[in-house]
Amino acid sequence: MLVSTADFKKGLRVVYDGQPWTIVDFQHVKPGKGGAFVRTKLKHMRLGKVVDNTFRSGERLALVDYEEKHMQFLYRDDRYHFMDMESYEQVSLSPEEVGDAREYLRENTEVDVLYIDGAPAAVELPNFVELTIAKADPGVRGDTAQGGTKSATLETGAVIHVPLFLNEGDVVKIDTRTGEYLGRVASAGT
């Protein structure tokens with residue numbers, strides 16, 4: 001199936017130069033002279049690299065033929081191991097195949113694994129995850145020159161910025177698309 005540049009949206013999966021890409025961002029541009037075009041930021045579904053590309057307005061691209069399987073993250077050694085929630089079949093992916101998702105993966109997290117041509121290609125996290133702060137410097141009273149945030153390391157190893165009042169052991173809600181702190185779910189005392 002083909003899709004026109006007029007139908008572009010974030011998250012759309014297209015085939016470009018024979019490779020599967022996800023549209024991360026796009027912008028329609030109508031210059032004073034010449035034809036309109038669409039400026040895009042594409043992320044390779046297998047390699048994770050991001051490139052900028054420009055398409056002429058009205059250009060058509062094929063959609064990626066993929067299958068999505070709901071899986072549960074089991075554990076990590078030198079590879080990441082997942083189990084299909086329906087067939088209980090297990091699959092392992094390299095850190096490169098898992099990509100940025102590894103920042104927010106902890107045991108028993110349910111994810112969608114995208115299969116292209118019968119092989120696992122990418123991991124899609126839920127939009128929001130709840131993780132425990134493993135390490136955080138104590139907040140210094142009066143230290144609000146940067147908006148009152150400090151760095152905190154999560155149980156998965158990801159480092160995010162959180163408000164000064166949060167401590168080790170607090171459970172926080174994170175947006176996996178942006179890596180942004182959204183709120184505290186539970187404090188270390190509860």
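A charge is taken to sit over a ring if NZ of Lys or CZ of Arg is within 6 Å of the ring centre and within 35 degrees of the ring normal. By that rule, Arg 13 lies over the face of Tyr 66, at 4.7 Å from the ring centre, and Lys 69 lies over the face of Tyr 115, at 4.5 Å from the ring centre. The model is predicted, so local features need pLDDT of at least 70 and side-chain atom pairs count only at pLDDT 80 or more, whereas totals for chains, interfaces and linings use all residues. Residues are numbered from 1 along each chain as its sequence is written, and side-chain values use heavy atoms, with hydrogens and water left out.

- Helices (H or I, at least four residues) and strands (E, at least two) are DSSP runs, numbered from the N terminus, and two strands pair if DSSP finds at least two bridges between them.
- Strand β10 (residues 110-116) is mostly covered, with five of its seven residues buried, where buried means under 20% relative accessible area, exposed over 50%, and partly exposed in between (1.4 Å probe, protein chains only).
- Strand β7 (residues 66-76) runs antiparallel to β10 and is joined to it by seven bridges, and His 70 stands opposite Asp 112 in β10.
- On β11 (residues 119-124), which also runs antiparallel to β10, there are five bridges to β10, and Val 123 in β11 is the bridge partner of Val 113.
- The hairpin formed by β10 and β11 has two residues between the strands, and Asp 117 in the turn has a positive phi of about 55°.

**Salt bridges**

- A salt bridge is a side-chain nitrogen of Lys or Arg within 4 Å of a carboxyl oxygen of Asp or Glu, and by this rule the count comes to seven.
- Arg 13 forms a salt bridge with Glu 124, the closest N and O atoms being 1.8 Å apart; this pair links distant parts of the chain, with Arg 13 in strand β2 and Glu 124 in strand β11, 111 residues apart.
- Arg 13 is buried at a relative accessible area of 12%, while Glu 124 is partly exposed at 28%.
- Lys 43 forms a salt bridge with Asp 100, with the closest N and O atoms 3.6 Å apart; because Lys 43 lies in strand β4 (residues 37-44) and Asp 100 in the loop between α1 (95-98) and β10, the pair ties together parts that are 57 residues apart in sequence.
- Lys 43 counts as partly exposed at 27% relative accessibility, whereas Asp 100 is exposed at 56%.

**Aromatic pairs**

- Rings of Phe, Tyr and Trp (its six-membered ring) pair if their centres lie within 6.5 Å, and planes under 30 degrees apart count as stacked, over 60 as edge-to-face and the rest as tilted; the structure holds four such pairs.
- Tyr 16 and Phe 55 form an edge-to-face pair, 5.4 Å centre to centre with 85° between the planes, and this pair links Tyr 16 in strand β2 (residues 13-16) to Phe 55 in strand β5 (residues 50-56), 39 residues apart.
- Tyr 16 is partly exposed, with a relative accessible area of 22%, whereas Phe 55 is buried, at 2%.
- Phe 73 and Tyr 80 form a tilted pair, 5.9 Å centre to centre with 35° between the planes; Phe 73 counts as buried at 4% relative accessibility, and Tyr 80 counts as buried at 4%.
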